[in-house]
Amino acid sequence: MSDKRPQIKLGLSMAGYGYHHSAWLSPDVPADGVSSFDFYLNQARIAERGLFDMAFLADFLTFSMIDTPRGVSGRSVRGGSFEPLTLLSALTPMTKNIGLAATTSTTFGVPFHVARTFASLDLLSGGRAAWNVVTSFQDEEAENFGSAQILDKSSRYDRAEEFVDVVLGLWDSMAPDAFLYDRASGMLFDPTKVRALNHEGRHFRVKGPLGAPRSVQGRPVICQAGASEHGQELAARTADVVYSVQPTLAGAANFYEGLKSRMAKYGRDRDEIKIMPGLLPVLGGTETEAQAKFKAMQEMIDPLVGLRYLSALFGDLSDYPIDDPVPDLRQDKELATRAQVILNLARENNWSIRQLYQRTAIGNTHNVVVGTPEQVADVMQEWIEGRGADGFNVLPALSPVSLVEFVDQVIPVLQRRGLYRTAYEGTTLRANLGLPEPPSAH
Ligand SMILES: Cc1cc2nc3c(=O)[nH]c(=O)nc-3n(C[C@H](O)[C@H](O)[C@H](O)COP(=O)(O)O)c2cc1C
């Protein structure tokens, strides 16, 4: 038996000013960051210095002007000004090893276009591209695409299943040796090694082929984050990386086992998916110092922004006394998995409304670990060894300062423990993640 320790995989989520919903108020955060290319370049380079597997950009197809509770509009933004693929394309020549993951919606995108843009990013980056497959969930997004309401979840996943298949099929248009570049015979490519898709399904008719040669990593990596029954089935069948929201090891281990055990029926090995729950570290030289820092972060949340975070999940709570226990929250809408997690936390801990947003509007219900670098490394080790994770999606509370702390203080501890690389293993994202070469139909 090998005595090699499991190797932790790391992603960086470059969301907005950081995961703290009022992060931009911090003097440590550049106030104009989210519309500045250098803000993202700096984060990608810091993550690359920390040997991260990938940097990830979430995306939502709306700029919210919702003013619930009244007065909140204009007090914060979530997400960036940049369209993810455009930004990651610009980061490509400025980085060397780090994977670049962009979010694109299967509800509002078109498979041919998605296949083409991600294949391009994969070629440009030398095999470092990843597609974070989301189905979107907000009515405000639907309103930008001709409908008043988002499709119901089941229909969204139905479309997503076929969407991903079409994209995978298009990415497999060419055999690895399809391009001959043979001036002597005059043959540029071998037509017998290029395959039309001829897909005709319930949602899409796509002939193909896609004109992109097979990438050095076979095809872009597929990330997925839906945790519902539908979401997990889609992931078990098609994902290479799964982001999850798991605030406890028990829940994470349950999710991990559940998802990995679904893979066999799709003929997949358990190691073919890397599960990376979110981790928001709040670091201090001592535990007391870290706790004080966390308290200051909690107090920095603009109460209106905190209430808006909750209102997006549960409706407007601004008529309730903010320091009273969380009332019976509405159940009239199918709750997203994340909302259910939050509701359970509130019930278990008997939190007030203020405590609920203070606990959740920093880390979005992800696992928030407050402590010394060793304590954060302990939790990571415990989750890896307890089969709750293959790695983590690191969520800086305040960008980039929380990321710098993590890279400078936690990474060396993980390396000393033999749990983390000291150099990139390969040049492609797939090689660094330790994922197998995807099969080719040719
Ligand atoms: C870590 C994480 C990141 C996500 N990023 C996005 C995103 O960038 N854009 C988006 O529309 N949805 C995003 N989602 C939402 C999921 O894709 C999914 O729509 C949501 O979790 C509801 O589906 P579910 O009930 O299957 O979990 C994210 C979810 C998680 C857990």
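**Cavities and a ligand shell**

Biologist: By class, how many nonpolar, polar and charged residues are in the lining of the largest cavity?
Modeller: This is a predicted model, where local features need pLDDT of at least 70 and side-chain atom pairs pLDDT 80 or more, while totals for chains, interfaces and linings use all residues. Residues are numbered from 1 along each chain, and side-chain values use heavy atoms, without hydrogens or water. A cavity is a set of points on a 1 Å grid over the protein atoms alone where a 1.4 Å probe fits but cannot get out, and lining residues have an atom within 4 Å of a point. Ala, Val, Leu, Ile, Met, Phe, Trp, Tyr, Cys and Pro count as nonpolar, Asp, Glu, Lys and Arg as charged, and the others as polar, which gives 7 nonpolar, 2 polar and 3 charged.

Biologist: Which helix gives the largest share of that lining?
Modeller: Among the lining residues of the largest cavity are A119, D122 and L123, along with W171 and R214. The largest share, 3 residues, comes from a helix (a DSSP run of H or I, at least four residues) at residues 111-124, namely α3.

Biologist: What is the volume of the second largest cavity?
Modeller: Its lining includes Y17, H20, W24 and R78. By class, 4 of the lining residues are nonpolar, 4 polar and 1 charged. The space, filled by probe spheres set on the grid points, is about 40 Å³.

Biologist: Which residue's side chain has an N or O atom 2.7 Å from an oxygen atom of the ligand?
Modeller: Around the ligand sit 19 residues, with D59, K153, Y157, A227 and S228 the closest. A polar backbone atom of D59 is 2.7 Å from a ligand nitrogen. For the ligand oxygen, the side chain belongs to Y157.

Definitions and conventions: 1 Å grid on protein atoms, 1.4 Å probe; cavity = no way out; pocket = protein on both sides within 12 Å on 5 of 7 lines; lining within 4 Å. Helix = DSSP H or I, 4+ residues; strand = E, 2+ residues; numbered from the N terminus. Near = heavy atom within 4 Å. Polar contact = N/O pair within 3.5 Å; in protein donor to acceptor, adjacent residues only side chain to side chain.
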